[in-house]
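Notebook open, structure loaded. I'm jotting down what I look up as I go, starting with the metal.

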Amino acid sequence: MAHSDIDELIRLFAKLPGLGPRSARRAVLQLIRQKEQLMIPLQAVMARSLDSIRSCTTCGNLDTHDPCVICSDPKRDPSVICVVEELADLWAIERCNLYKGRYHVLGGTLSAMDDRGPSQLNIEPLIARASKDEVKEIILATNATLEGQTTAHYLTTRLEQANVNISRLAQGIPMGGELDYLDDGTLGAALKARLPF
Ligand SMILES: [Zn+2]
């Protein structure tokens, strides 16, 4: 391999989230050292993925099937739709192994700063899904950031026409959290969302 290819690999790896130039160099070195176990299978799966991975036309999830495995799973409750910003959020909720409804991936948030309006997000298909008779509840699981909240607020307004209950994720004190260490926003939100004892 020419030296410039190594540099190019490092340059591309360093663009991945969580990898800086230093960890990109280490990752590339490992790939080269473990050609058989890593580089060849990686090359094969990347070539396949380019063709096989697509967006689910129902929910926006990524899968090799359309509709995706979640949308086509008869054991998942079609009456509840959990709305998330990004696919990583869907994966995070799936890791909890508690949620048995369906999803809707927006593909980001509304953002005045980045000039991102409703038409750039996967919103119209959500309104259409929510208006179906089988859908009873929409869980707005956008992030507790200004943009996440703005997006949730916008969706609440848009979903008024659909006959659904709208809920939000509870916000508050993390498990094992000590009050003294919480930021003011988290503590304030937890106080506002207090429950009867
Ligand atoms: Zn889907």
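Which residues are the protein donors of the zinc ion? I find Cys 56, Cys 59, Cys 68 and Cys 71, each through SG, lying 2.3 Å from the zinc ion. Donors here are N, O and S atoms within 2.8 Å of the metal (3.2 Å for Na, K and Ca), and water is not among the atoms, so sites may look incomplete.

Ground rules before I go further. This is a predicted model, where local features need pLDDT of at least 70 and side-chain atom pairs count only at pLDDT 80 or more, while totals for chains, interfaces and linings use all residues. Residues are numbered from 1 along each chain as its sequence is written, and side-chain values use heavy atoms, with hydrogens and water left out.

**Zinc site, continued**

I checked the geometry: the angles among the four donor atoms run from 103 to 116°, and the site is tetrahedral. The cut-off for four donors to count as tetrahedral is that all angles lie between 85 and 135 degrees. For reference, the ideal angle for four tetrahedral donors is 109.5 degrees.

The spacing of the donor residues in sequence is C-x2-C-x8-C-x2-C. Cys 56 sits in the loop between strand S1 (54–55) and strand S2 (62–63), and Cys 68 in the loop between S2 and S3, so this pair ties together parts twelve residues apart in sequence. Helices (H or I, at least four residues) and strands (E, at least two) are DSSP runs, numbered from the N terminus.

Are Cys 56 and Cys 68 buried or exposed? I have both down as buried. For that term I use under 20% relative accessible area, with exposed over 50% and partly exposed in between (1.4 Å probe, protein chains only).

The loop between S2 and S3 also holds Pro 67. A cis peptide bond joins Asp 66 to Pro 67, with omega at about 0°.

**Strands**

Next I went to S3 (residues 77–84). Six of its eight residues are buried, so S3 is largely enclosed by the rest of the structure. S3 pairs with strand S4 (residues 101–105) in the parallel sense, over five bridges; two strands pair if DSSP finds at least two bridges between them. The chain gets from S3 to S4 through helix H4 (residues 87–96), and this β-α-β crossover is right-handed. Right-handed means that, with the strands pointing away from the viewer, the path from the first strand over the helix to the second runs clockwise. Within this pairing, Val 84 stands opposite Val 105.

S3 is also joined to S5 by four bridges, and these two run parallel. I noted Val 83 opposite Leu 140 in S5.

What does S5 (residues 137–140) pair with in the parallel sense over four bridges? I find strand S6 (residues 165–168). The chain crosses from S5 to S6 through helix H6 (residues 146–158), in a right-handed β-α-β crossover. Ile 138 stands opposite Ile 166 in S6.

**Side chains**

I searched the whole structure for aromatic pairs and got one. Tyr 99 and Tyr 103 form it, edge-to-face, at 5.1 Å centre to centre and 65° between the planes. Rings of Phe, Tyr and Trp (its six-membered ring) pair if their centres lie within 6.5 Å; planes under 30 degrees apart count as stacked, over 60 as edge-to-face and the rest as tilted. Tyr 99 is buried at 14% relative accessible area, and Tyr 103 is buried at 1%.

Ser 111 is in the loop between S4 and H5 and counts as buried at 3% relative accessibility. Its side chain makes a polar contact with the side chain of Glu 147, at 2.9 Å. A polar contact is a pair of N or O atoms within 3.5 Å; within protein, one must be able to donate a hydrogen and the other to accept it, and residues adjacent in sequence count only if both atoms are side-chain atoms.

Which way does phi go at Asn 97? I get a positive value, about 65°, although Asn 97 is not a glycine. Asn 97 lies in the loop between H4 and S4 and is exposed at 56% relative accessibility.

Asp 115 also goes in this entry, with a positive phi of about 60° although it is not a glycine. Asp 115 is in the loop between S4 and H5, exposed at 65% relative accessibility.

Conventions:
Four donors count as tetrahedral if all angles lie between 85 and 135 degrees; four count as square planar and six as octahedral if opposite donors are over 155 degrees apart and all others between 65 and 115; anything else is irregular.
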